[in-house]
Amino acid sequence: SIPGLPAAVDWSFNFDASAGTFGFDNSLYTDPKPEQPSGDLSDNWSEASVKPALSAVYTTGSSSQFYGKVSAVGTRTFGAAPDLVGNDESYFNIEDAYIGWRSGNSLAGLGENALDFTVGRSQYTLGQGMFLYDGSADGGSRGGYWTGARKAFEFAVIGRFKPGNHTLEAFYLDKDDISGADSETKLWGANYQYAIGEDTTLGATYTSWSADEIEA
């Protein structure tokens with residue numbers, strides 16, 4: 001228990017941090033630096049990020065659980081990054097901010113957490129993440145172009161029904177874009193997966209997208 005917070009709730013505090021140095025060799029070949037027309041033609045810069053997070057889970061008498069998470073991400077780009085990445089910038093803002101409910105073992109015969117609902121600023125991964133994974137934009141005025149510390153959608157509603165080897169999900173997602181370059185990207189859809197043993201999964205997904213034609 002964290003002092004000062006309700007003891008009946010299971011609290012978790014996390015702090016993640018990352019740092020990296022990046023470079024593009026000969027990226028300035030056709031546009032050399034004015035002070036070095038025949039010298040260093042590379043772009044080199046550094047990025048760093050921090051992410052504190054607080055999570056909470058409350059378990060009811062029937063074993064169902066209410067849960068939530070609040071986190072923030074701070075990023076910094078420095079060392080004269082190229083235009084693709086953005087100028088030297090620092091940015092700190094909310095990341096996760098969601099609440100949810102899962103059934104635990106309260107639904108006899110359907111298995112643990114057969115029902116799960118989440119709403120708020122949240123991450124969502126479709127399958128292994130190849131088609132849908134990152135819900136937030138990085139770089140530009142936010143900094144942190146390559147470290148990609150932000151993942152949460154600006155607003156998400158996710159429902160999941162998971163009896164046995166079957167998983168059925170319905171979702172609505174609103175991308176968290178950079179202010180001034182908001183593409184208004186939104187989507188909703190449904191996903192079905194069937195697990196064959198521990199290593200094989202078959203699935204099918206339907207999605208419907210909308211976006212600002214100019215920004216997108």
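In sorting residues by class, Ala, Val, Leu, Ile, Met, Phe, Trp, Tyr, Cys and Pro count as nonpolar, Asp, Glu, Lys and Arg as charged, and the others, Gly among them, as polar. This is a predicted model, in which local features need pLDDT of at least 70 and side-chain atom pairs count only at pLDDT 80 or more, while totals for chains, interfaces and linings use all residues. Residues are numbered from 1 along each chain as its sequence is written, and side-chain values use heavy atoms, with hydrogens and water left out.

A cavity is a set of points, on a 1 Å grid over the protein atoms alone, where a 1.4 Å probe fits but cannot get out; a pocket is an open set with protein on both sides within 12 Å along at least five of seven lines, and lining residues have an atom within 4 Å of a point. Grid points are joined across faces, edges and corners, and a volume is the space filled by probe spheres set on the points.

The structure has one cavity of 30 Å³ or more. The largest cavity has a volume of about 40 Å³, and its lining divides into three nonpolar, one polar and five charged residues. Strand β4 (residues 89-102) gives the most to this lining, with four residues; strands are DSSP runs (E, at least two residues), numbered from the N terminus.

The largest pocket has a volume of about 370 Å³. Of its 20 lining residues, L126, G127, Q128, Q193 and T201 are the closest to its centre. By class, the lining of the largest pocket has eight nonpolar, eleven polar and one charged residues.
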